[in-house]
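User: I am new to this structure. Can you show me how to read its features, one at a time?

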Amino acid sequence: MFNPQLNAEGKLKHLLSIEGLPKSILNEILNTAESFVGIAEREVKKVPLLRGKTVCNIFFENSTRTRTTFEIAAKRLSADVLNLNVSTSSQSKGESILDTVNNLIAMHADMFVVRHYQSGAAHLIAQHVPDSISVINAGDGRHSHPTQGLLDVFTIRKFKPDMHNLRVAIVGDVLHSRVARSEIHALTTLGVPEVRVIAPKTLLPTNIEKLGVQVFHDMKAGLKDVDVVMMLRLQNERMNGAMLPSSQEYFKTYGLTQEKLDLARSDAIVMHPGPMNRGVEIDSAVADGSQSVILPQVTYGIAVRMAVMAILASGGQA
Amino acid sequence: MKLPDPEILIQEITQQIKPLISPNTALVGIYSGGVWVLERILNTLNTDIAYGKLDAAMYRDDYAKRGLKSKNQPSWIPFDVNDKEIILIDDIFYTGRTTRAAMNELFDYGRPASIKLAVLVNRGGAQLPITPQITGADIPLKSHQSFQLSQDTLGKLHLSLETSSTPHDHEESPHV
């Protein structure tokens, strides 16, 4: 079967989604990321792997954090970085996606990091670019956010190295979340035996069980004895129609408080992809508490993005 | 060709390293062969000398061709490199390109006072103005030949000679 992410030798050519990637490639990325963690602590926080290459961040949808971490990852690999905020640029003047991309190809960019509000945008660009260019999906619509999924499993692996003996709960707005889909694919591919999703029915896609997860609508039952709690952001901007009574009501039922967290294992870790709505999906005391690994997620996210870029720049060799 | 026993070569270079050691010295092994050699030297020296381990894959000039190799190890330099007298340790010296990459990486940790290079075997064929100061043995090889250092499950080191049909253009021991 044709897999647009892999080249003829089965090596990584583009990173578009976790779905469809074999366990071996996920492990290669995670193992490579280990080597990049320490670079941030050195006197010179740079390695010359992407020296002379141009990485172009094309963001059709605003995102400060993801763009910043991709930018810092590319810069620590010594690449030149071009940031294009298309939502405020030519698209508002009527230019099509592929015209925008063609212009950047003409500027000899070597790698595109793409975020778009439409699912499938990164695929479209990957099929359009010449062979020398790699595309990284930095989030497309509700579909996929592969580097977030990878950095989440990297963080889990750092704190809970035995992935084959874990119970993980993903809590919140799964319906609108590309992060949740990428997390589920990454966790199940890496052999995590029990992945749960906890959400109200209105915030769950139909047939989510088919991805190999157990569905819970009640926090008390869902959080019982889990090792990892992955909170999702309530995506107000993607909601149309009354899916929830109110954010206060949501916090009461699905917001992560210490009291609810105490149902999980005593050494459970709490994760959140950011940006957080404090007091909506997560209580401040938990977000800043001793079980929270939310800031390590950000730090590891840079190492994971460096690993993905380094592997793509060498034609998929890890 | 009768190949030397790497364990004896290690004793040989350890004797050469001993008089060079000062309170300011640090030993740095290059993955993977150089780290095996480093560990044995540390066992023999039995002093609390500063040491570290380098994987120079990110600094290699042939990175685009060969990638990082998935078994690459994170570099680990736990001491302050500034003003240290560093002895780099590798197993086989060939083109000098690994040494160049390792030196470039070291300088990203700080400015050492000096760097010397110690290797088990110099097989000849340097392509850069770099040469080891401490050598266990000089055994010139043809370009299609290469030495491989391996470690068995008991931890014993073995040296083997490999011959390939295509000449290695600029490859030292495979740091995989």
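Analyst: Start with a loop. A:P275 sits between β9 (269-271) and α10 (284-287) of chain A. Helices (H or I, at least four residues) and strands (E, at least two) are DSSP runs, numbered from the N terminus. The peptide bond from A:G274 to A:P275 is cis, with omega near -15°. The model is predicted: local features need pLDDT of at least 70, side-chain atom pairs count only at pLDDT 80 or more, and totals for chains, interfaces and linings use all residues. Residues are numbered from 1 along each chain as its sequence is written, while chains are lettered from A and ligands numbered from 1 in the order in which they are written.

User: Which peptide bond of chain B is cis?

Analyst: The general idea comes first. Most peptide bonds are trans, and most residues other than glycine have a negative phi. In chain B, the bond from B:Y31 to B:S32 is cis, with omega near -10°. B:S32 belongs to the loop between β1 and α2 (33-45) of chain B.

User: What is the phi of A:H108?

Analyst: Phi is near 65° there, a positive value in a residue other than glycine. A:H108 is in the loop between α3 (97-106) and β3 (111-116) of chain A.

User: How many helices and strands does chain A have?

Analyst: Chain A has 11 helices and 9 strands. Its radius of gyration is 19 Å, close to the 20 Å that the globule rule gives for 318 residues, so chain A is as compact as a globular protein of that length. The radius is taken over C-alpha atoms; the rule is 2.2 Å times the number of residues to the power 0.38. Along its principal axes, the C-alpha trace of chain A spans about 55 × 45 × 40 Å.

User: At what angle do α1 and α11 of chain A pack?

Analyst: Axes are lines fitted to C-alpha atoms, for helices over the stretch in contact, and angles run from 0 to 180 degrees between N-to-C directions. Helix α1 (residues 23-37) and helix α11 (residues 294-313) of chain A pack at about 115°, their axes 8 Å apart. Among the residues making the contact are A:I29 and A:F36 of α1(A), and A:Y300 and A:M306 of α11(A). Contact means C-beta atoms, placed from the backbone, within 7 Å. The contact residues divide into 12 nonpolar, 1 polar and 1 charged. Ala, Val, Leu, Ile, Met, Phe, Trp, Tyr, Cys and Pro count as nonpolar, Asp, Glu, Lys and Arg as charged, and the others, Gly among them, as polar.

User: What is the strand order of the open sheet in chain B?

Analyst: Strands of a sheet pair through backbone hydrogen bonds, either parallel or antiparallel. Here 5 strands run in the order β2-β1-β3-β4-β5 (chain B), and the pairing is parallel. Strands β2 (50-54) and β5 (134-138) of chain B are the edges, each pairing on one side only. Pairing requires at least two DSSP bridges between two strands. Strand β4 (residues 114-122) of chain B pairs with β5(B) over 4 bridges. B:N122 stands opposite B:D138 in β5(B).

User: How many residues of chain B touch chain A?

Analyst: 15 residues of chain B are in contact with 19 residues of chain A. The chain B side has 7 nonpolar, 5 polar and 3 charged residues.

User: Where in chain B does pLDDT stay under 50?

Analyst: pLDDT is the predictor's confidence in each residue, from 0 to 100. It stays under 50 over residues 170-176 of chain B. Chain B averages 89, and 92% of its residues score at least 70. The model scores ipTM 0.72 and pTM 0.87.

Terms used:
Two residues are in contact if their C-beta atoms, placed from the backbone, lie within 7 Å.
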